[in-house]
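Work through the exercises below with the model open. Try each task before reading its solution.

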Amino acid sequence: MPDSTSQATKPKTRSQRRETPQKTAHAPTQPIGPEPHTDLLAWRDEFPILQRKTYLNSCSLGPLSRRAMAAMERFEEQWNEHGAQSWYGMWMGELAALRAKVARLIGAQPHEIAIAPSVSGALSEIASGLDLGARNKVVCADMDFPTLAYQWLARERQGVEVAFVESEDRITLPAERFRAQIDKRTGLVATSRVFYLSGYIQDVAKLAKMAHTKGALLLVDDYQATGQIPLDVKAANIDFLVTGTLKWLMGGQGVAFIYVREGLIPKLRPTHTGWWAARDQFQFNTREFAYRDDAQRLEAGTPPMPSITIANAGLDIVLEIGVERIRERTRWLADDLARKAQARGWKLRSPLDGAQRSSIVLVEMERPDELVHQLTQRGIIIDFRPGMIRISPSFYNTVEETDRILSALDELLAQRA
Ligand SMILES: Cc1ncc(COP(=O)(O)O)c(C=O)c1O
């Protein structure tokens, strides 16, 4: 878990940022120990894009694996060969396997997992099913991905109030800062484990304790953390968690997940619902509706089987490697990258402390969109957010690749000077 040391510095104004020197003289970096788990580089062959591109953009879209391609081919064969019979013979099994794999990954039980079409959809399910009663205040962080707060802001007309905990430095957010906002009216604390905007890792176990002490629940948006940083939802005492397969799980679009702590399942009665939430789904009883007893009461309609097939392949890879090993390797790569960026005089917009930083490294840059476009022309794929470039190494990346990005940036910035 990260400690709660703040790096609080005042956010810079736009004109101050423009003055930030972008030096190209390289100060020596401190050693960070031997590179861990180089055996994982054997996986590079599994991802054909790595043979053609320098790809460090897992926080946006994980790469396509050979396994996923084979799974897609298998899906087409099943559909073509067996038609609708595939549902009973194969696809229901694929769905159950996927829920079980996610449960294993986060330390949950399969009946506590529901499948949703996106993280936004997953959040809407929870929001439409959770009766906050008189505790109508929801606490979010201003660093969260917007879709999280939108669920509750969209319910303001129904009496929901949203309060934001603010990050002073726009990078970190010590858990303590939530304390003042969680009061007797707070029904839910809803925030992310990893901030997409800085890569900062929140101490969700601490947040759960804080919320529970005041009688509130904790919902975690884990999209930027699942598959890159280990988690046990039981040990952390999390009530709800949403995540998806697009990024660190290398499972493509169209599949997200909801975890609901067992004891809370009966309390959720989503109004956004459908026949997949019904206890007697295959009785087709039009006049009566009862929710399922498990978390699948948060599902609604027919799931996208092509996406489910790909998601299963991505999760298999993550489970096979193990998230602990992934974290050890990506932490080392991110540390190396962060140190080398700092040595160039660039301003990190991610935590300096490697224990607080995930494998999402943001660096302040002017016109980052232009840089990302120029890098793309050189076969280098990274990402940007306003005023920053975003580099997210995964277990299959190498130091040579991160160095290639840094050298390319050196050249592009020198051309600007
Ligand atoms: C932390 C986080 N939550 C939610 C989302 C949105 O997910 P979806 O598009 O599946 O609703 C993103 C997208 O990048 C994200 O980074």
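## Exercise 1: Gln109

Gln109 is partly exposed, because 17 other C-beta atoms lie within 10 Å. The cut-offs are these: buried means 20 or more other C-beta atoms within 10 Å of a residue's own, exposed means 12 or fewer, and partly exposed is in between, with C-beta atoms placed from the backbone. This is a predicted model, where local features need pLDDT of at least 70, side-chain atom pairs count only at pLDDT 80 or more, and totals for chains, interfaces and linings use all residues. Residues are numbered from 1 along each chain as its sequence is written.

**Task.** Where is Gln109 found, and with which residues is Gln109 in contact, leaving aside neighbours within four places in sequence?

**Solution.** 
- Step 1. Locate the residue: Gln109 sits in the loop between α4 and β2. Helices (H or I, at least four residues) and strands (E, at least two) are DSSP runs, numbered from the N terminus.
- Step 2. List contacts, meaning pairs whose C-beta atoms, placed from the backbone, lie within 7 Å. Leaving aside neighbours within four places in sequence, Gln109 is in contact with Ala103 and Glu262.
- Step 3. Check a distance back into the chain: Gln109 and Arg99 are 10 residues apart along the chain, and their C-alpha atoms are separated by 8.8 Å.

## Exercise 2: Helix α4

**Task.** What span does α4 reach from its first C-alpha to its last, where is its kink centred, and which of its residues are buried?

**Solution.** 
- Step 1. Take the length: α4 covers residues 85-106, 22 residues in total.
- Step 2. Compare spans: α4 reaches 32 Å from first C-alpha to last, close to the expected 32 Å. The expected span is 1.5 Å times one less than the number of residues.
- Step 3. Find the bend: a kink of about 45° is centred on Trp91. The bend at a residue is the angle between axes fitted to the seven residues ending there and the seven starting there.
- Step 4. Pick out the buried residues: Trp91, Leu98, Arg99, Lys101, Val102, Leu105 and Ile106.
- Step 5. Recall the helix geometry. An α-helix has 3.6 residues a turn, so residues three or four places apart point the same way.
- Step 6. Identify the cover: β2 (113-116), α9 (233-236), β7 (240-244), β8 (256-260), α10 (305-321) and α11 (323-343) are included in what covers these buried residues.
- Step 7. Look past the end: Gly107 follows α4, with a positive phi near 80°.

## Exercise 3: Val233

**Task.** Is Val233 buried or exposed, and which residues is Val233 in contact with, leaving aside neighbours within four places in sequence?

**Solution.** 
- Step 1. Count neighbours: Val233 has 23 C-beta neighbours inside 10 Å, so Val233 counts as buried.
- Step 2. Read the contacts: leaving aside neighbours within four places in sequence, Val233 is in contact with Ile106, Gly107, Ala108, Ile238, Leu241 and Tyr259.

## Exercise 4: Positive phi

**Task.** What is phi of Arg170 and of Asn237?

**Solution.** 
- Step 1. Arg170 is not a glycine, yet its phi is positive, about 60°. Arg170 lies in the loop between β4 (161-165) and α7 (176-179). Arg170 counts as buried, with 20 C-beta neighbours inside 10 Å.
- Step 2. Asn237 is also a residue other than glycine, with a positive phi near 65°. Asn237 is in the loop between α9 and β7. Asn237 is partly exposed, with 16 other C-beta atoms within 10 Å.

## Exercise 5: Ser392

**Task.** How many other C-beta atoms lie within 10 Å of Ser392, and which residues does Ser392 touch, not counting residues up to four places away in sequence?

**Solution.** 
- Step 1. Ser392 lies in the loop between β12 (388-391) and α13 (399-416).
- Step 2. Ser392 is buried, with 29 other C-beta atoms within 10 Å.
- Step 3. Not counting residues up to four places away in sequence, Ser392 touches Leu56, Asn57, Ser58, Cys59, Ser359 and Ile360. Ser392 and Ile360 are 4.5 Å apart, C-alpha to C-alpha, and 32 residues apart in sequence.

Definitions and conventions. Contact = placed C-beta atoms within 7 Å.
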